[in-house]
Amino acid sequence: MKLVNAIVQDKDATKLANAFVKAKIQATRLATSGGFLRSGNTTFIIAIDEDRVEEVLQIIKDVSQKRKQFMVPPISVEGERTGAFPVEVEVGGATVFTQTIDDFYQF
């Protein structure tokens, strides 16, 4: 068995959860935050047989879209915010970790 942790933007979370349900993949959904923009994320935790890991990864890849977004860099001098110009950054997609599970229990 493998443990898959997938971190996606909140914008993609509901669509990804629905795709997991359709594929009969059980996932635990957690609200998380962080990253470069300190934006809302969702982390999915999935315990899955090794032969289905590629299927899970493909679903995540298909649903989690990268997109462009403008942001104002948090630049400050001596505690005061300076007039910074917005920059375009790429956000979205997914960060995925897989780990081998030695034991799995479901009570």
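Two aromatic pairs turn up in this structure, which is a predicted model. One of them brings F20 and F44 together edge-to-face, with 5.5 Å from centre to centre and 75° between the planes. F20 sits in helix α1 (residues 10-22) and F44 in strand β3, so this pair ties together parts that are 24 residues apart in sequence. Both F20 and F44 are buried.

With a relative accessibility of 11%, T43 counts as buried. Its side chain still finds a polar partner, namely the side chain of T32, at 3.1 Å. T32 is also on the list of residues that T43 contacts beyond its neighbours within four places in sequence; the others on that list are A6, I7, T28, R29 and L30.

Helix α2, spanning residues 53-63, has a buried set made up of V53, V56, I59, I60 and V63. These residues cover an arc of only 125° around the axis, which puts them on the same side of α2. Over on the other side of α2, E54 and K61 are exposed.

Key
Residues are numbered from 1 along each chain as its sequence is written. This is a predicted model: local features need pLDDT of at least 70, side-chain atom pairs count only at pLDDT 80 or more; totals for chains, interfaces and linings use all residues. Side-chain values use heavy atoms; hydrogens and water are left out. Buried means under 20% relative accessible area, exposed over 50%, partly exposed in between (1.4 Å probe, protein chains only). Helices (H or I, at least four residues) and strands (E, at least two) are DSSP runs, numbered from the N terminus. The arc is that of the directions from the helix axis to the C-beta atoms. A polar contact is a pair of N or O atoms within 3.5 Å; within protein, one must be able to donate a hydrogen and the other to accept it, and residues adjacent in sequence count only if both atoms are side-chain atoms. Contact means heavy atoms within 4.5 Å. Rings of Phe, Tyr and Trp (its six-membered ring) pair if their centres lie within 6.5 Å; planes under 30 degrees apart count as stacked, over 60 as edge-to-face and the rest as tilted.
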